[in-house]
Amino acid sequence: MTSRIVAVLNQKGGVGKTTTTVNLAHALARMGRKVTVIDFDPQCHLAVALGVVSKQQSGIDEVMLGNADFAGQQIPVRDNLNLIVAGPRLQEIEQLSDSASRRGDLLRKALAQGTGDRDLVLIDCPPSSGILVANALFAAEELLVPMTSDYLALQGLSHLMGTIKKFEAALNKKYRLLIVMSRFIPTRRLSRDVLHTVKKYFPAQILATPIRETASLAECPSFGKTVFEYRPGWRSARDFEALADDFLTGRVM
Amino acid sequence: MAEQDESSMIGYDPLAWLHDSPEAENTKSTAVPESRPAPAGAGGVDEEGDASECEDIAARAVEAAQNVVEPDVPVEWDETEADLTDLALQSAPDQGQSAESSGHIALEPVQSIQTVGELHRRLLDMLDSCNKIDIDASAVSQIDTATLQLLLVLKLTAVKQQKEVSIDFPSEKFMEAADLLGLSEMLSVDRAVAGFF
């Protein structure tokens, strides 16, 4: 069985990568999909948001270094939802003495060993453009780019697209790219203008449901809960439910 | 090209480059989005300023370069130096060239003073015929100051002619050499993808 491997990335910080990964993954799991999320950020925020706080536990680091396999590192965190934590050695990947191309290919090789019965593997990337993001780009076939509706996010998206196009040219592959408008403030004119601009360049690539900015989304990580557990039925939970449906059915703006 | 309409809350559109050259989509690079918008009515002044600053840095870099690495083979300095410094002058200005076009060139594993003349000729041809030049530096295992100097002058010339030069996938050796000479920023080599290919 082949899993959809999706990198959730944007080198800009604060755009909602981890929030999107956690809540979209849980929404998909609640819809019956078997999902594994990989915490690919040495800051370990994804694991914390799912209530896993041990920083010493090994995870994707040892899988990439060849000392563990994908299946063995998964932690069941919710029904249908597994987590692979970052692990303390993830940062060491940057310092390996191998050539950069070898270091960049570690995750792809690790996932190529098999992802079992998983329907989806979501990789929550760090907010950077370094070797870890390169690994995610080598490994993934699909990219999910959360972006906020402000001007600097547009600048960041421009830079990100440059990097993605270079990888596409060099790896001779075309990513399926989807954008999620996150932290969206519908009453703000700038938000609408940014959305209009993004739509112009990415027609049929923006998932139909924008995730609106709410206090509950900001609060739930501190309790180690997803929004479906922290505020079930509230607006943000409904947004992510709709987003998950968009993601599965390909519904776009 | 990057300006939005007046009622928009977005002044400069940083994504405009994505639509600049649809036919060359697969070879577009990050060089474009990093370019700065020119304030309305002040474009010429800004470009002058940028070019002047570039030339200062270039001069310092070239001076540093000449102090760092000496070629280990006899070379025809007169001809080569004349070629390098005259690059901007010899290249025809881009007048009446309306179609967007891009050229691609891959650097050889060993780029030395012995090969720089040929590279110079190819880049000149490309500069005349293309609005954008993509240089693949992934295979470089050895590069000398003459080649880096040529690339630097190419960048400067391109700025003056409002053309784009992008150095893609620089190898680690390329980055080492560019860093050593303090040219990484000037050459706009992208660390995000350095050394992967």
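**Exercise 1.** At what angle do the axes of helix α1 (residues 17-30) of chain A and helix α12 (residues 235-249) of chain A cross, and within what distance do they come? Classify the arrangement and describe the contact.

*Solution.* The model is a predicted one.

Step 1. Two packed helices are described by the angle between their axes and the distance between the axes.

Step 2. Here the axes of α1(A) and α12(A) cross at roughly 75° and come within 9 Å. Angles from 65 to 115 degrees count as roughly perpendicular, and α1(A) is therefore roughly perpendicular to α12(A).

Step 3. List the residues that meet. On the α1(A) side they are A:Thr19, A:Thr20, A:Asn23, A:Leu24, A:Ala27, A:Leu28 and A:Arg30. On the α12(A) side they are A:Phe240, A:Glu241, A:Leu243, A:Ala244, A:Phe247 and A:Leu248.

Step 4. Sort them by type: the contact has 8 nonpolar, 3 polar and 2 charged residues.

**Exercise 2.** Check the length of α1(A) against its number of residues, then state how many of its residues are buried.

*Solution.*

Step 1. The expected span is 1.5 Å times one less than the number of residues. For the 14 residues of α1(A) this gives 20 Å.

Step 2. The end C-alpha atoms of α1(A) are 20 Å apart, so the two values agree.

Step 3. In α1(A), 12 of the 14 residues are buried, and the helix is mostly covered. Among the buried residues are A:Lys17, A:Val22 and A:His26.

Step 4. After the helix comes A:Gly32, with a positive phi near 100°.

**Exercise 3.** Repeat the length check for helix α5 (residues 113-129) of chain B and name buried residues in it.

*Solution.*

Step 1. α5(B) has 17 residues, for which 24 Å is expected at 1.5 Å a residue.

Step 2. From first to last C-alpha, α5(B) reaches 25 Å, close to that expectation.

Step 3. Buried residues of α5(B) include B:Ile113, B:Val116, B:His120 and B:Met126.

**Exercise 4.** Locate A:Cys44 and A:Asn80, give the phi of each, and decide whether each is buried or partly exposed.

*Solution.*

Step 1. A:Cys44 sits in the loop between β2 (35-39) and α2 (45-49) of chain A. Its phi is positive, about 65°, although A:Cys44 is not a glycine.

Step 2. Buried means under 20% relative accessible area. A:Cys44 has 11%, so it is buried.

Step 3. A:Asn80 lies in the loop between β3 (75-78) and β4 (81-84) of chain A. Its phi is also positive, near 65°.

Step 4. The relative accessibility of A:Asn80 is 30%, so this residue counts as partly exposed.

Methods. Residues numbered from 1 in each chain as written. Chains lettered and ligands numbered in written order. Predicted model: local features only at pLDDT ≥ 70, side-chain atom pairs only at ≥ 80, totals over all residues. Heavy atoms only, no water. Axes fitted to C-alpha atoms, helices over the stretch in contact; angles between N-to-C directions. Helix = DSSP H or I, 4+ residues; strand = E, 2+ residues; numbered from the N terminus. Parallel < 35°, antiparallel > 145°, perpendicular 65-115°, else oblique. Contact = heavy atoms within 4.5 Å. Nonpolar A, V, L, I, M, F, W, Y, C, P; charged D, E, K, R; others polar. Buried < 20%, exposed > 50% of the residue type's maximum accessible area, 1.4 Å probe, protein only.
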